[in-house]
Amino acid sequence: MADIILNVEVRERTGTGGARATRREGKVPGVLYGGGKDPVAIAVKANEFRKALHTGKLQGHLVTLKYGDETQPVIAKVVDMHPVTDDPWHFDLYRVDAHQQIRIAVPVHFRNQEASPGLKRGGTLNVVLHEIELNCPADHIPEEILHDVTGLDIGETIRVSSLSLPEGITAVASGDVVVATVAGSAAAASAASAEGAEA
């Protein structure tokens with residue numbers, strides 16, 4: 001089901017004081033939500049949580065929550081970091097069924113930039129959406145959405161409808177929403193007008 005297993009314990013104390021006491025014990029406080037059940041205050045050992053976080057597969061992925069002998073699939077929706085130490089400070093987990101449809105944000109990346117005539121002429125790729133919200137099964141969340149910019153010239157636009165999404169996955173935003181554009185620099189614009197004058 002999931003690569004990461006989070007061993008959790010239930011916190012008796014909640015609120016700011018409870019969270020502070022949990023951190024003093026070397027644990028990260030969190031809350032388990034969703035699934036039509038009441039929220040539960042939980043905690044994970046800080047070193048285990050950091051290890052899971054550094055795999056890059058904690059947030060936005062299906063994770064197995066383990067409490068004693070019980071396990072259940074969850075998704076880490078929010079991980080707050082301390083503004084100074086950058087240590088994990090608090091997290092929110094959501095109960096899910098492994099096959100249920102969920103709404104989640106996934107990063108958008110671009111490849112073959114060297115094959116874009118617009119970028120080769122000095123244009124820049126202006127990314128409007130660094131991530132896109134998707135409706136997808138909880139056990140089929142893509143790591144990323146990769147878009148090929150081969151052939152894109154200055155002034156061209158990548159829209160949500162241009163993205164190639166895996167089967168069974170749809171974007172929340174409408175198809176005409178702009179994801180990125182290839183914008184021309186002043187130098188590229190003057191080069192283009194010089195080429196036009198020569199022709």
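Visitor: In the hairpin of S6 and S7, which residue takes a positive phi?
Guide: In this predicted model, strand S6 (residues 70–81) and strand S7 pair in the antiparallel sense over 7 bridges. The hairpin has 6 residues between these strands. The residue with a positive phi, near 65 degrees, is Asp-86.

Visitor: How is the aromatic pair of Tyr-33 and Tyr-94 classed: stacked or edge-to-face?
Guide: The pair links distant parts of the chain, with Tyr-33 in strand S3 and Tyr-94 in strand S7, 61 residues apart. The ring centres lie 5.5 Å apart and the planes make an angle of 25 degrees. Planes under 30 degrees apart count as stacked, so the pair of Tyr-33 and Tyr-94 is stacked.

Visitor: Which residue lies over the face of Tyr-94?
Guide: Tyr-94 is partly exposed, at 28% relative accessibility. The distance to the ring centre of Tyr-94 is 5.0 Å. The residue over this face is Lys-77.

Visitor: Which strands stand at the edges of the open sheet of 4 strands?
Guide: The order in this sheet is S11-S8-S10-S13, with mixed pairing. Within the sheet, S8 and S10 pair in the antiparallel sense over 7 bridges. Each edge strand has a single partner strand, so one side is left without a neighbour in the sheet. The edge strands are S11 (145–148) and S13 (170–171).

Methods: Residues numbered from 1 in each chain as written. Predicted model: local features only at pLDDT ≥ 70, side-chain atom pairs only at ≥ 80, totals over all residues. Heavy atoms only, no water. Pairing = 2+ DSSP bridges. Helix = DSSP H or I, 4+ residues; strand = E, 2+ residues; numbered from the N terminus. Phe/Tyr/Trp six-rings, centres within 6.5 Å; stacked < 30°, edge-to-face > 60°. Buried < 20%, exposed > 50% of the residue type's maximum accessible area, 1.4 Å probe, protein only. Lys NZ or Arg CZ within 6 Å of the ring centre and 35° of its normal.
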